[in-house]
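Here is a friendly tour of one protein model, meant to be read with the structure open beside the text.

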Amino acid sequence: MAHGIVDVARAAGVSTATVSRALRGLPNVTAATRERVRRAADELGYVPSPSASSLASGRTRTIGLITPWVAHWFFANVIEGAERALRVEDFDALLYTFEVSRDVRRLRLDPDVLRRRVDGVLVVGLPLEAEEVAALDQLGYPLVFVGAGAPAHVTVGLDDADTARRAVAHLADLGHTVIAHLSGEPDDTLPWSPAVRRAEGWRAELAARGLASEGLEVHGHFDVRGGRASMHGLLDRRPDVTAVFAASDEMAMGALLALRDRGLRVPQDVSVVGVDGHDMGEHLGLTTMMQNAQEQGVTAASMLLEMITGAPVPEEVVFPTVLVERGSTAAPRDRIVTSRNPPGGCAPAM
């Protein structure tokens, strides 16, 4: 099997953009890194394909970038990473965004707006219906997904179910038994959607530990406002909740605001964990499953450029997530009190 740029990047411990710069003799790569990349390429038998920017005339040197949002943390970071990789090859990005609203169903993708205007298509965090994916395929351009990848298509993202299970395991290991979930859009039901997979992981980990999930999932629309409103609704119905797993840091931040609104303390009354690694998370003391969104953008764009030149790429690249424990998670209050007292409930003599 032929090895591609992603394999070289993994072997050398660098990004795909660094591999491209190192093998093309571009600046901003140290001599040691350049040598490590070249050695990895030699060992894998990787031969760089012609630079995408040097392909025959008639190319647009533009990538179509489809995304529902540009201001949300994950999307902004993926787009920044993708643009970084594209600039190396003198490519531009043509941004195609959608209005995603709580009240209005998203318009269907119209692939004709990209026809004869781009050389490839990058879909960032937008779960597309099977018919929409087929319409993009019919354009005949290389196609890469970030996050919400359709089956049998090149995808860069996370193991969303595993990420969710490890977040829930962290809360359960602390002693929490009523663990709620803030998910995304209520109409986001596609099986390849990150929100759906994270919800599946939440349910699976609870089930594996004999814990209930019924009535503990609410939809926070992947933003702070939605997280805040959904957390209020959840606590109105289930005041016994002691921990929350939010499918994004922005929803987790909304949950923190709702808890403050109610005079509840974090983590003494309710623990909260998110997913992302948002820049504000450290300031807020938010425990999170951290991912590298920028490098996902770099890798996806680099793979798309490789596909344009006809080079092989893997069908799936999975980025790791790392649990970053901060001040928003702790053992539930009853567990803390119990642990301070000996059996029988009497405090030790002083």
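## Charged pairs

Arg-115 has a relative accessible area of 34%, so this residue is partly exposed; the class lies between buried, under 20% relative accessible area, and exposed, over 50%, judged with a 1.4 Å probe on protein chains only. The model is predicted, so local features need pLDDT of at least 70 and side-chain atom pairs count only at pLDDT 80 or more, while totals for chains, interfaces and linings use all residues. Residues are numbered from 1 along each chain as its sequence is written, and side-chain values use heavy atoms, leaving out hydrogens and water.

The partner of Arg-115 is Asp-112, and their side chains meet in a salt bridge with 2.7 Å from N to O. Such a bridge is a side-chain nitrogen of Lys or Arg within 4 Å of a carboxyl oxygen of Asp or Glu. Asp-112 is partly exposed as well, at 47% relative accessibility.

| Glu-131 | Arg-108 | 4.0 Å |

Glu-131 and Arg-108 are joined by a salt bridge. Glu-131 sits in helix H5 (residues 130-139) and Arg-108 in the loop between strand E2 (92-97) and strand E3 (120-124), so this pair ties together parts that are 23 residues apart in sequence. Helices (H or I, at least four residues) and strands (E, at least two) are DSSP runs, numbered from the N terminus. With a relative accessibility of 52%, Glu-131 counts as exposed.

Since Glu-205 belongs to helix H7 and Arg-165 to helix H6 (residues 160-173), the pair ties together parts that are 40 residues apart in sequence. Glu-205 is buried at 10% relative accessibility, whereas Arg-165 is partly exposed at 30%. Both residues belong to a network of salt bridges that also links Asp-173 and Arg-209.

## The open sheet

In what order do the six strands of the open sheet stand? The order is E7-E6-E8-E9-E10-E12, with mixed pairing; two strands pair if DSSP finds at least two bridges between them. Strand E7 (217-219) and strand E12 (322-324) each have a single partner strand and stand at the edges, so one side of each is left without a neighbour in the sheet. From one strand to the next, the twist averages 20°.

Strand E6 (residues 179-183) runs parallel to strand E8 (residues 243-246), and four bridges join the two. Within this pairing, Ala-180 is placed opposite Val-244 in E8. Helix H7 (residues 194-208) packs on the sheet and touches E6, E7, E8 and strand E9 (271-276), with its direction at about 175° to that of E6. Helix H9 (residues 249-261) also packs on the sheet, in touch with E6, E8, E9 and strand E10 (287-290); its direction makes about 155° with that of E9. Axes here are lines fitted to C-alpha atoms, for helices over the stretch in contact, and angles run from 0 to 180 degrees between N-to-C directions.

## Nonpolar cores

The largest nonpolar core has 43 residues, of which Phe-74, Leu-122 and Val-124 touch the most other members. A nonpolar core is a set of buried Ala, Val, Leu, Ile, Met, Phe, Trp, Tyr and Cys residues joined through side-chain atoms within 4.5 Å. At least three residues of this core come from each of domain 1 (5-57) and domain 2 (62-156 + 294-317), with bounds from an automatic or database domain assignment. Another core, of 38 residues, lies apart from it and includes Val-168, Trp-202, Leu-256 and Met-289.

Gly-157 lies in strand E5 (residues 154-158) and is buried, with a relative accessible area of 5%. Leaving aside neighbours within four places in sequence, Gly-157 is in contact with Gly-147, Gln-296, Val-317, Val-318 and Phe-319, where contact means heavy atoms within 4.5 Å.

Thr-299, found in helix H11 (residues 293-308), is buried at 6% relative accessible area. With neighbours within four places in sequence again set aside, the contacts of Thr-299 include Val-6, Val-317 and Phe-319.
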